Amino acid sequence: MPPIRVGFLGLSTSGWAPGAHFPYLKHSDKYQIVAICNSSIESSKAAIKKYELPESTRAYDDPEDLAKDKDIDLVVCSVRVDRHFATISPSLKAGKDVFVEWPLGKNLSEAKELLRLKNEGGVKTAVVGLQARQSPVIRKLKQLVDERRVGKVLSSSWTGQGGNLGPTVHEGYEYLSQREVGGNLVSIHFGHSIDYIQAVLGYGFTPAPKTLLASRRSHQKLLSSSNELIKENHSITSDDTIFLHGTLSTGIPLSFSLRGGKPFKDVPGLDWRIYGETGEIRVTSSGPFLNVGYPDVKIAVSDFDLGGGESKDVVVVEAEKDEFDGDEWGVPSRNVARVYRALSEGSVNCSFEDAVERHEFIDGMYRENGIVV
């Protein structure tokens, strides 16, 4: 089969896209980048040169022009979330297949409108990047739960520290502290995490969970990439504290706690427990982003002594490795590569319809806490 011809929105010379999306697209014979659309023609040409793309690669600065390109099969959107709507809408109207980062839109209203445009445009395939679903760690955890490795799951607790929204923020990431942008601890950090939790334990809550959102830190220092002070008091409007308690549709009670800032020294940034009748599963890593992954992520199982004695020795369970676990693949590119591989085989990681449901859940949390977004 000929390669899938890709038009890329947001493949600049730095940021998320080069480290997460580009490695697989560059090396796979299933895809070919044929066009780049950045904020300027010059930026697009600079990216084409930096990434050593063919001279035939077209450079655009207008998403409308990219959408009109008849030699593009798939449009990938990896720009800041508050720019998703404007950049991807033309391609949806043109009926092109798309791959959009999560969150789909900056709020529920935008996500619903993008779904409407997708349906009206006759788009056959529209994928959203909730890529933890492709993670070998998540798949191993689901296997352990489905196989009743610790018996019937009685409850689960998840505790994480987001890294962002601490006392300092580096230039280029200050948008995370602005709720109105739509990319923040609730939509990104919580959104990815609650999705992979449910991928393992079951989707949906019955009844709706109780949640608490709070913006407790009012300011942070804005620093340059070299840690020079740019602004002493950069205002924060987004939430840095997220609590959720509820019962999943599978009957499993869940306690979820996420805060901003770095973890306590020498303590994991993620501690997720799955407590069963005959044992307990513990997942730890440097941070909560299992959608990205960490070199130190670990799955451990402790079996109870059903005779009344102490629990048995802890057993470390290894997730199955695949072609993307080699050193030649950077950690951020691995799960994204798995999404692309699945897409080339006709499998959609997360549909627009599914993404809108995730947005509806988050919107419900905002409304419960009296927050208008």
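In strand S13, arginine 259 is the bridge partner of threonine 241. Strand S12 (residues 241-247) and strand S13 (residues 253-259) run antiparallel and are joined by seven bridges, where helices (H or I, at least four residues) and strands (E, at least two) are DSSP runs numbered from the N terminus, and two strands pair if DSSP finds at least two bridges between them. This is a predicted model, in which local features need pLDDT of at least 70 and side-chain atom pairs count only at pLDDT 80 or more, while totals for chains, interfaces and linings use all residues. Residues are numbered from 1 along each chain as its sequence is written, and side-chain values use heavy atoms, with hydrogens and water left out.

Both strands belong to an open sheet of eight strands with mixed pairing, in the order S9-S12-S13-S7-S14-S15-S16-S17. Strand S9 (210-214) and strand S17 (315-317) stand at the edges with a single partner strand each, so one side of each is left without a neighbour in the sheet. From one strand to the next the twist averages 10°.

| Helix | Strands | Angle |
|---|---|---|
| H8 (residues 185-201) | touches S7 (153-161), S9, S12, S13 and S14 (270-276) | about 155° with S13 |
| H10 (residues 352-368) | lies across S9 and S12 | about 70° to S9 |

Beyond its neighbours within four places in sequence, phenylalanine 352 is in contact with residues including Leu92, Val98, Leu114 and Val127.

Helix H5 (residues 84-93) is mostly covered, with seven of its 10 residues buried, where buried means under 20% relative accessible area, exposed over 50%, and partly exposed in between (1.4 Å probe, protein chains only). Among the buried residues of H5 are His84, Ile88 and Leu92, and the buried residues pack against elements including strand S1 (4-9), helix H6 (108-120) and H10. Glycine 95, with a positive phi near 80°, follows H5.

Glycine 330 lies in the loop between S17 and helix H9 (331-344) and is partly exposed, at a relative accessible area of 36%. Its C-alpha atom is separated by 7.1 Å from that of glycine 19, 311 residues apart along the chain.

Methods. Axes are lines fitted to C-alpha atoms, for helices over the stretch in contact, and angles run from 0 to 180 degrees between N-to-C directions. Contact means heavy atoms within 4.5 Å.
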